[in-house]
Amino acid sequence: MKISARNVLGGTVKNVTKGAVNAEVTLALQGGETVVSIITNHSVDSLGLHEGSAAHAIIKASEVMVGKNVENAKLSARNVLSGEVARLEPGAVNSEVEIKLAGGTPIVASITKASVRALDLQLGNKVSAIIKASHVLLGV
Amino acid sequence: MKISARNVLGGTVKNVTKGAVNAEVTLALQGGETVVSIITNHSVDSLGLHEGSAAHAIIKASEVMVGKNVENAKLSARNVLSGEVARLEPGAVNSEVEIKLAGGTPIVASITKASVRALDLQLGNKVSAIIKASHVLLGV
Amino acid sequence: MKISARNVLGGTVKNVTKGAVNAEVTLALQGGETVVSIITNHSVDSLGLHEGSAAHAIIKASEVMVGKNVENAKLSARNVLSGEVARLEPGAVNSEVEIKLAGGTPIVASITKASVRALDLQLGNKVSAIIKASHVLLGV
């Protein structure tokens, strides 16, 4: 399988909590971080997900926000992953930022050029990748 | 209203399943494919959606992923629509890919230039448009 | 067309900046806030958007994050809109939060129940609605 999502992160399912239509699935990444995904109950069943399942979190770069100094903030995003800027690739409107997490996992974010400037992003900066759980797909 | 979403796909509601706050709505497209959308119960009521309603699936190009050889993969995305690459328009960081589905419907995806390269996308390639149900809006 | 997006915010185009494939459009809302949208150049042309155009920002509730104490944080999200919690509607997995902006505009966010708890959201709390520009559709 080849998929356009820039972020395909291997891990193991830690928890599955089903609601009425949607389910919350927690994945422990190989690098040590935890990622939360919201998918439909139908998808949990279709993928046969349960505690201990091997699975991948699939995250499109355009779904990843970047934050600086977010330690004192409270964000509804279930995934706030700390790392540092490993690569910056400017574009006309959008730029690509690669963040290397503490456990070694790279996360690619697509944010506007204006945001790169506003956050004054430089290589090596401590930043967080911020991802809403509803933007995380899972694959097995 | 005219909207910026590149994908506005006509169809008929096949099913509406309400949860506590969210509902899952299945739409049969004119081209034969099925698209699943997750919207709030309030929106189902506001649009008066029920089985048999005419409705459109509205999908922003930046919410569409592209996959190759995903037949054996299991993905939580409820919408994995097969087609072939009909157009490629490169950008500085993001590129636009038009996929023509088997039933003739075109789907536009906005993915990174690096992904176009990584997937080695060429005109005529068999690919899938992958769309999470939570990214599908509906209109009547 | 009536759409399922819970947030359809009226405004006037202040600026359109085109890149290679994508454009950045700034909209001044009736309530006084500014909203930035990233859409394709094709959509700008198709909708005939230019400075002074009347347009709506269309934002699905599942694309809205909620933040508390984000004043000292730097976020790549181009839209960080201050307001206060006007309504909380719990669900099994996802809950709905209505935020009333300073100018009176209501914004609906769909976030997880766990996030409502983690942020200890109560009616009247000062919060921000956080929306990535790539998640803002426009309509005329």
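What you have is a predicted model, where local features need pLDDT of at least 70 and side-chain atom pairs count only at pLDDT 80 or more, while totals for chains, interfaces and linings use all residues. Residues are numbered from 1 along each chain as its sequence is written, chains are lettered from A in the order in which they are written, and side-chain values use heavy atoms, with hydrogens and water left out.

Let's start where the two chains touch. Here 39 residues of chain C are in contact with 39 residues of chain A, contact meaning heavy atoms within 4.5 Å. The size of an interface is often given as the accessible area lost when the parts come together. For chain C and chain A that buried area is about 2700 Å², and carbon and sulfur atoms give 61% of it; it is the area, found with a 1.4 Å probe, that the two parts lose on being put together, summed over both. On the chain C side, Met65(C), Lys74(C) and Ser76(C) lose the most, together 24% of what that side buries.

What about salt bridges, where a side-chain nitrogen of Lys or Arg sits within 4 Å of a carboxyl oxygen of Asp or Glu? Between chain C and chain A there are 0.

Strands join the two chains as well. Strands here are DSSP runs (E, at least two residues), helices are H or I runs of at least four, and both are numbered from the N terminus. Two strands pair if DSSP finds at least two bridges between them. Strand β6 (residues 65-68) of chain A runs antiparallel to β6(C), with 2 bridges, and Gly67(A) has Leu75(C) as its bridge partner. Likewise, 2 bridges join strand β7 (residues 74-75) of chain A to β5(C), also antiparallel, with Lys74(A) partnered by Lys68(C). Within chain C, β5(C) is joined to β10(C) by 3 bridges.

In one of them, the side chains of Asp45(A) and Lys18(A) meet at 2.6 Å, N to O. Asp45(A) lies in helix α1 (residues 41-47) of chain A and Lys18(A) in strand β2 (residues 7-18) of chain A, so the pair ties together parts 27 residues apart in sequence. Another joins Arg78(A) and Glu24(A) at 2.9 Å, N to O. Buried means under 20% relative accessible area, exposed over 50%, and partly exposed in between (1.4 Å probe, protein chains only). Arg78(A), at 25%, is partly exposed, whereas Glu24(A), at 15%, is buried.
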